[in-house]
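Please take a moment to look over the sequence and the 3D structure below, and keep both in view while you read the paragraphs that follow.

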Amino acid sequence: MVDRGTIAVLGAGSWGTALARMLAESEKDVRLWSRRVDHALQMLTSRENATYLPGFALPDNVRVTADLEEALQSADFVVSAVPTQGLRHLITDAKAFLPSSAPIVIAPKGIENESLMVGCDAIKSMLSASMAPLICAISGPSFAKEVAQGLPTAVVVASEAEKVGLDVQARFARDWFRVYTTDDVIGVEIAGALKNVIAIAIGVADGLMLGHNTRAGMITRGLAEISRLGVKLGAHPLTFAGLAGMGDLLLTCTGDLSRNRRLGLALGQGRSLADTLHELKMVAEGFPTAKSAYELSLQQKVDMPITAEVYKTLYEAKTPSEAAATLMSRQPRPERD
């Protein structure tokens, strides 16, 4: 692959680090920014992200820094990999250094608690209108560890500007990393955010040992309520049958590397929420997104019973058994409602 230029990856968690390693295969210069100076120094010294992605060396052309201005200087491509709830703070700090013509790829999956906006909309609200076409999202079934291992992966990049989508597709594509494109940004972001909430529900059900029938039924009905909200917000229905929808939902609900599933599993087994969040160490995006999704469903008047029960379990101390009983005792209805 040919050398292309300079990429800034903002956020040195497991996903940001995996993407930085992958992009370094074809870019002259990749800057990996960590908000913590001590974390950046650890990576500089060991050439490995021992905290969030241990066992995978950082290529020589990945430059680690805790300085946003250094990370963004002369970058012709920016990837944001910070958790959604920290995205607005990041852009506030980075705004003065953001290149005006560089695509900005949103990699995390969530909905802001305060604004109820998805990542692309949040950034667009903070930057000039001329930069709006440069902002896009990447999503799909993709655990960071497996990407770091170079295992076959397929994702989708969503951009309202075709040229930007094709540029991102070309720069991310590998023989083992297949990238599709779509113009349905809201659909891809809603699907990516809400699958984390459903994965918590699946983890709870598995923790309660409710069986495979329950898991399959909840994944299917979870997809139904994700689709209802997405379509209400203007998404294309077929997006939810694609990589960002069913693909990522299946992975996050069934894969052992899923932090959201592990959160639900611990709750279903009787562990406390505080202890589980502490032990996870990394952010489980479904935890804050459950609150946003529940409030968004009320705002949009969209029926989302699984999301509602996850919210009540996480924020109103409803027990997992009570939540499961509530879902099973709902009034009968046609499947397509």
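**A walk through the model**

At a relative accessibility of 12%, Y311 counts as buried, where buried stands for under 20% relative accessible area, exposed for over 50%, and partly exposed for what falls in between, with a 1.4 Å probe and protein chains only. The model is a predicted one, in which local features need pLDDT of at least 70 and side-chain atom pairs count only at pLDDT 80 or more, while totals for chains, interfaces and linings use all residues. Residues are numbered from 1 along each chain as its sequence is written, and side-chain values use heavy atoms, with hydrogens and water left out.

A pair of aromatic rings is described by the distance of the centres and the angle of the planes. Rings of Phe, Tyr and Trp (for Trp, its six-membered ring) pair if their centres lie within 6.5 Å, and planes under 30 degrees apart count as stacked, over 60 as edge-to-face and the rest as tilted. By this rule there are five aromatic pairs. In one of them, the ring centres of F287 and Y315 are 5.1 Å apart and the planes stand at 10 degrees, so the pair is stacked. Because F287 lies in helix α13 (residues 286-300) and Y315 in helix α14 (residues 305-315), this pair ties together parts that are 28 residues apart in sequence; helices (H or I, at least four residues) and strands (E, at least two) are DSSP runs, numbered from the N terminus. F287 is partly exposed, with a relative accessible area of 22%, and Y315 is also partly exposed, with 32%. Y315 forms a stacked aromatic pair with Y311 as well, at 5.3 Å centre to centre and 25 degrees between the planes. Y311 and Y315 both belong to helix α14, where they are four residues apart, about one turn of the helix. Together, F287, Y294, Y311 and Y315 make up one aromatic cluster.

The next topic is the nonpolar interior. A nonpolar core is a set of buried Ala, Val, Leu, Ile, Met, Phe, Trp, Tyr and Cys residues joined through side-chain atoms within 4.5 Å. The largest nonpolar core has 65 residues, of which L10, L98, I104 and L194 touch the most other members. Helix α8 (residues 185-207) gives the most to this core, with 14 residues. If residues up to four places away in sequence are not counted, L98 touches L72, V78, I91, I104, L127 and M131, contact being heavy atoms within 4.5 Å. Another core lies apart from the largest one and has 38 residues, among them A107, A148, A161 and V179.

Which residues lie nearest the centre of the largest pocket? They are S14, W15, R259, M282 and V283, out of the 46 residues that line this pocket. On a 1 Å grid over the protein atoms alone, a pocket is an open set of points where a 1.4 Å probe fits, with protein on both sides within 12 Å along at least five of seven lines, and lining residues have an atom within 4 Å of a point. The largest pocket has a volume of about 1,200 Å³, a volume being the space filled by probe spheres set on the points, which are joined across faces, edges and corners. By class, its lining has 22 nonpolar, 13 polar and 11 charged residues, where Ala, Val, Leu, Ile, Met, Phe, Trp, Tyr, Cys and Pro count as nonpolar, Asp, Glu, Lys and Arg as charged, and the others, Gly among them, as polar. The second largest pocket holds about 640 Å³ of space, and M218, R221, I306, L327 and M328 lie nearest its centre among 33 lining residues. Helix α9 supplies the largest share of that lining, seven residues.

Finally, consider some loop residues. V118 is found in the loop between β7 (104-106) and α5 (119-124), and V118 is buried, with a relative accessible area of 4%. Leaving aside neighbours within four places in sequence, V118 is in contact with G110, I111, I186, E189 and I190. L116 is found in the loop between β7 and α5 and counts as buried at 15% relative accessibility. Most residues other than glycine have a negative phi. L116, however, has a positive phi near 60 degrees, and K281 has a positive phi near 70 degrees. K281 lies in the loop between α12 (273-280) and α13, and at 72% relative accessibility K281 counts as exposed.
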